[in-house]
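Here's a quick tour for anyone meeting this protein model for the first time. Have a look at the picture, then read on.

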Amino acid sequence: MRSLRSLCLLQVHSMGQNVLDMSEIPANLAKDLKIIQLVNKTFGNWTLATNDVSTKVYQTALSIQYDGVSWNFQYCSNSYEVFCCPHCDFRQPDLKQFTLQEGKPAPVQSPFWEASNILEQLNQEHPVERRMTMSFEMNKEGTWGKISFRGSEDFAVVPVIFSSNIVVKMNEAGQRRLNCDWLVGRGMVHQGFQKHLTETAVAVEDAFSSPVLPFCSRVVDLMTVEDETSNEEDPEDFMEDFWRFVGDE
């Protein structure tokens, strides 16, 4: 249950940025409000990647909610291979969440499917409880903030490395962008990744609840193929047609 202070902070935030004069309230409250104004948003990314071997969809949505005490990360993230089209092969990601407080150890988790998959593999190979701590830093203007996660175990006891940074930047127009990097591994074997998400008005629980395309794009594409004797489609042509279909919606 949230404290009265947390409820008041969130209520003030919901009323808009110009309700209070920051110079007239205690410094710690002003700082928390700046953090909330910067990070309490939903971010998302949908990517269609194709090469000579396969075509895959990568989709992630992340909601960050800070209430002055706890940080809540609600997310859905997965990937799937496209055999027909993004509509027919669509797979809805599960909605998950975790909550923690700055500086207090918590079970290692990641809102990104790539890191989550590796952590799950490590847990199956070596079922040891792994923990992490979170820290946060922000510039004075409240336009840049970094959430850092670090594994808190003694490496001599649990030889696993886990680190992740989530950076939120706000431009002059008030639009936010989230950049994340992570590194996870055991011993000398490590894997890292970077991901970029943009601010979205779609609630995280509604993100990727249905396919981006409301129809089978493969069928429509085949209808426009000039050479009806060919059953193969160039990956670049597929990408052009796909984005044309999205634009027509």
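## Ground rules

A residue counts as buried when its relative accessible area is under 20%, as exposed when that area is over 50%, and as partly exposed in between, using a 1.4 Å probe and protein chains only. This is a predicted model, where local features need pLDDT of at least 70, side-chain atom pairs count only at pLDDT 80 or more, and totals for chains, interfaces and linings use all residues. Numbering starts from 1 along each chain as its sequence is written, and side-chain values use heavy atoms, with hydrogens and water left out.

## Aromatic rings

Trp-71 and Phe-73 are both buried. Rings of Phe, Tyr and Trp (its six-membered ring) make a pair if their centres lie within 6.5 Å; planes under 30 degrees apart are called stacked, over 60 edge-to-face, and the rest tilted. Searching the whole structure turns up eight aromatic pairs. In one of them, the ring centres of Trp-71 and Phe-73 sit 6.5 Å apart with their planes at 10 degrees, so that pair is stacked.

Phe-73 also stacks with Phe-98, at 5.1 Å centre to centre and 20 degrees between the planes. Phe-73 belongs to strand 3 (residues 70-82) and Phe-98 to strand 4 (residues 96-101), so this pair ties together parts 25 residues apart in sequence. Strands here are DSSP runs of E with at least two residues, helices are runs of H or I with at least four, and both are numbered from the N terminus. Phe-73 has a relative accessible area of 0%, while Phe-98 is buried at 6%. Ring pairs join Tyr-66, Trp-71, Phe-73, Tyr-75, Phe-98, Phe-136 and Phe-149 into a cluster.

## Nonpolar cores

A nonpolar core is a set of buried Ala, Val, Leu, Ile, Met, Phe, Trp, Tyr and Cys residues joined through side-chain atoms within 4.5 Å. Which members of the largest core touch the most others? They are Ile-64, Trp-71, Phe-73, Phe-149 and Leu-178, out of 39 residues. Helix 2 (residues 27-39) supplies the largest share of this core, with six residues. A second, separate core has 11 residues, including Trp-46, Val-82, Phe-90 and Phe-208.

## A closer look at Phe-208

Phe-208 sits in the loop between strand 10 (189-200) and helix 4 (217-223), and is buried, with a relative accessible area of 16%. Its phi is near 55 degrees, a positive value in a residue other than glycine. Most residues other than glycine have a negative phi.
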